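Dear colleague,

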Amino acid sequence: MSTLTEAPPPLGPAAPEEKPPRRRGRFTPYWLLLPGMLWLIVFFALPMVYQASTSVQQGSLEQGYKVTWHFATYWDALNAYWPQFLRSVCYAAAATVLCLLLGYPLAYLIAFRAGRWRNLIMILVIAPFFTSFLIRTLAWKTILADNGPVVHALNTLHVLDLTGWLGWTAGDRVLATPLAVVCGLTYNFLPFMILPLYTSLERIDGRLHEAAGDLYARPWTTFRKVTFPLSMPGVVSGTLLTFIPAAGDYVNAELLGSTDTRMIGNVIQTQFLRVLDYPTAAALSFILMAAILAMVTLYIRRSGTEDLV
Amino acid sequence: MPFLNWLKRRLVVIAGLLTLAYLLLPNIIVTVFSFNKPKGRFNYEWQRFSADAWKDPCGVADMCGSLSLSLQIAVWATVGATVLGTMISFALVRYRFRARGAVNSLIFLPMAMPEVVMAASLLTLFLNMGAQLGFWTILIAHIMFCLSFVVTAVKARVMSMDPRLEEAARDLYAGPVQTFLRVTLPIAAPGIAAGALLSFALSFDDFIITNFNAGSTVTFPMFVWGSAQRGTPVQINVIGTAMFLLAVLFVLFAMVLGNRRNKQKA
C-alpha cells in the first residue's frame with residue numbers, strides 16, 4: 001500500500017529499449033531465474049506429471065503400481081464421489097458470495113469512511129492471520145455449540161426452522177451441518193476478499209463521487225454506476241482468492257461438519273493418507289485441478305480483467 | 001423519522017463494523033477460553049476462570065516442541081523463498097529474456113491451485129523418489145508455495161522504482177555491486193520485507209500441504225489438528241492469544257517507527 005503512494009512521478013520506469021546496454025548483462029536474467037524456476041519445476045510442475053502418471057496406474061501397495069493407462073479410474077472416481085464434488089462447488093460458491101456481501105462494506109468502510117481509524121481497522125483485519133487458523137476454526141465449535149447463545153437465539157427466532165427446511169441445518173443444531181461448514185469457510189477466507197477489494201477501492205478518485213453527486217446521482221446510484229464498476233478488479237481477484245482455496249478445503253468440513261458434509265478435499269485426503277488408494281486420489285485431485293482451472297479461465301474471460309496479480 | 005435517516009447514512013459503517021466483529025469474534029473466544037478450566041478433555045465449554053494454562057504454557061507434552069519446529073521451518077522457508085523470489089522479481093522487472101510468459105505462468109499457477117492438489121502431487125513425487133518424509137520435505141514444500149507470493153510482493157515494489165536512480169549511481173562511478181547494495185536494495189527493501197513477512201505467516205500457519213508431506217513429524221498446526229481429535233488443551237489457546245498480541249504489537253511498533261521516520265524526512 002505504501003508502494004502505491006510513494007510511486008515515482010508520471011514518467012515512471014523507462015522502456016527497456018532506452019536502457020544502456022549492460023556490460024555483462026546477457027546471461028544475468030537466466031542466472032537470476034535459474035534457482036527459483038528450478039525449484040518450481042522440480043517441486044511444482046514435475047509432481048503434476050507424477051500425479052498424472054499415478055492416476056492411470058493400477059496395482060496395490062504390496063505389489064507396486066504400474067502404468068496401465070487405466071483411464072477408467074477417472075470414471076469410477078467421478079461416479080463414486082460426484083456428490084462431494086458438487087458439495088465442494090456449492091459450499092465454496094456460497095462462501096464466496098457471503099464473503100463478498102460481508103467483505104464489501106468493510107473494505108468500503110476502510111477505504112472511504114474510516115478516517116483516522118483506517119490503520120487500526122486494517123491491523124484488526126490482518127492480525128487474526130497470525131493466530132493459527134485451526135485454533136480460530138475450533139473457536140467456532142464454541143460459538144455454534146448446541147447449548148450456546150447463538151443456537152438458542154436462532155431457535156427462538158425460528159431461523160433454524162427455516163434453514164432446516166432448506167436443508168442447511170438439521171434439528172436444533174448448527175454444528176455438523178452445511179451451515180456450520182459454510183460459516184467456517186466464509187470466516188476463514190474473508191480477509192482474502194477484503195484485501196483486494198480494499199486495494200481497488202482505495203485507488204478510486206474521491207472526486208468521482210463528488211462528480212456523481214453534482215450530477216444528481218443519489219448515493220445508491222453512485223455506488224451502482226461509479227464505485228462498484230471501478231472496484232471490479234478487486235471483486236474478481238477477491239472472489240478467485242476465496243473460491244479456489246475454499247473449493248479444495250477440508251479443514252472446515254472436518255472440524256465443523258459431519259460425514260454428510262464431506263467435501264472433495266476430505267475424500268482426497270482420506271484416499272491418500274488413510275486408504276492409500278493412490279490412483280483414485282491422484283485422479284480426484286486431477287479432476288479438481290482441471291475443474292478449477294477451467295472455471296477460473298472462463299470467469300476471467302467473462303469478467304474481462306486480465307491484470308489480477 | 002430522524003432515526004431511520006441516521007441509520008441510512010451509517011448503514012455502510014454499521015455493516016462494516018459487524019463484519020469486523022465477525023472476523024474478531026473467534027479471536028475473542030480464543031483469548032477468553034485461554035483462562036478456562038475445562039472439565040473434560042475438550043476446551044469448548046466455559047467452566048470457570050483459571051490462569052493455570054498461562055502459568056505453564058509448555059505443560060502439554062510435545063506442544064512446545066512442535067511450536068519450535070514450526071518456527072524453525074518458517075524461518076528457513078522465509079529465507080529460502082525470499083532469496084529465490086527476489087532474484088526472480090529482479091529478472092522479471094529489469095531484464096528482457098525468452099520464455100517470459102512461461103516464467104510468469106509458472107509463478108501464477110501455484111497461487112491459483114487448491115492447496116490439496118499441490119499437496120497430493122508433491123507427495124506422489126516424494127513417494128516415487130523414496131524420500132524420507134519429515135523436516136526437509138516440509139521445508140521444500142513451504143519454499144515452493146511461498147515463492148510466488150514473494151515474487152508478487154517484490155515485483156510490485158521494484159516496478160514502481162525509478163530506474164534513473166540506478167543510472168545516476170552508475171554515472172557517479174558506482175560499480176554494479178555498489179549500485180545494487182546502496183541504491184537498489186534499500187529501495188526494494190519494503191517489498192522484500194512484505195514478501196518475507198507473508199512467507200513467514202503462510203509457512204507458520206500452513207496445514208494442508210504439511211499434513212500430506214510431514215510423515216510423522218508434527219508441526220504446531222498439525223498438533224492442533226491432532227488435538228481436535230484427542231482433546232484440546234487450554235495451552236493451545238494461550239499460544240494463539242500470545243501470537244495474536246505479538247502480531248498486533250509488532251505491527252503497531254512498525255507503524256510508529258514508520259511515522260517517526262516520515263516526520264524526520266519532512
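The pLDDT is the predictor's confidence in each residue, on a scale from 0 to 100. The model is predicted, and on that scale chain A has a mean pLDDT of 86, with 90% of its residues reaching 70 or more. Within chain A, helix H1 (residues 2–5) has the lowest confidence, at a mean of 36, while helix H12 (residues 251–256) has the highest, at 95. The pLDDT is below 50 over residues 1–23 of chain A, a stretch that makes 15 contacts in the model beyond near neighbours in sequence. For chain B the mean pLDDT is 90, and 99% of its residues reach 70 or more. For the complex, the predictor gives an ipTM of 0.89 and a pTM of 0.88.

I turn next to chain A. Its secondary structure comprises 14 helices and two strands. Of its 309 residues, 42% count as buried. Among contacts between residues at least 6 apart in the sequence of chain A, 68% join residues at least 24 apart. Strand E1 (residues 57–60) and strand E2 (residues 64–67) of chain A run antiparallel and are joined by four bridges.

Chain B is divided by the domain assignment into domain 1 (2–51) and domain 2 (61–265). The centres of domain 1 of chain B and domain 2 of chain B, taken over C-alpha atoms, are separated by 31 Å. The contact involves 10 residues from domain 1 of chain B and eight residues from domain 2 of chain B. On the side of domain 1 of chain B that touches domain 2 of chain B, there are four nonpolar, five polar and one charged residues.

The contact between the chains takes 78 residues from chain A and 76 residues from chain B. Several helices of chain B each supply at least two residues of the side that touches chain A, among them helix H4 (63–94), helix H9 (176–205) and helix H12 (234–265). The most is given by H2(B), with 15 residues. By class, this side of chain B has 57 nonpolar, 13 polar and six charged residues.

One residue at this contact may be followed in detail. Leu134(A) lies in helix H5 (residues 133–143) of chain A. Why does Leu134(A) count as buried? The cut-off is 20 or more other C-beta atoms within 10 Å, and Leu134(A) is buried because it has 23. Setting aside residues up to four places away in sequence, Leu134(A) touches Val251(A) as well as Phe207(B), Pro221(B), Val224(B) and Trp225(B).

The largest one has 147 residues, of which Ala107(A), Leu284(A) and Ala120(B) touch the most other members. Helix H8 (residues 178–202) of chain A contributes the largest share of this core, 16 residues. Domain 1 (2–51) and domain 2 (61–265) of chain B each provide at least three residues to this core. Apart from neighbours within four places in sequence, Ala120(B) is in contact with Phe212(B) and with residues of chain A including Gln51(A), Ile268(A) and Phe272(A).

With kind regards

Definitions and conventions: Residues are numbered from 1 along each chain as its sequence is written. Chains are lettered from A and ligands numbered from 1 in the order in which they are written. This is a predicted model: local features need pLDDT of at least 70, side-chain atom pairs count only at pLDDT 80 or more; totals for chains, interfaces and linings use all residues. Two residues are in contact if their C-beta atoms, placed from the backbone, lie within 7 Å. Ala, Val, Leu, Ile, Met, Phe, Trp, Tyr, Cys and Pro count as nonpolar, Asp, Glu, Lys and Arg as charged, and the others, Gly among them, as polar. A residue is buried if 20 or more other C-beta atoms lie within 10 Å of its own, exposed if 12 or fewer, and partly exposed in between; C-beta atoms are placed from the backbone. Two strands pair if DSSP finds at least two bridges between them. Domain bounds come from an automatic or database domain assignment. A nonpolar core is a set of buried Ala, Val, Leu, Ile, Met, Phe, Trp, Tyr and Cys residues joined through C-beta atoms within 7 Å.
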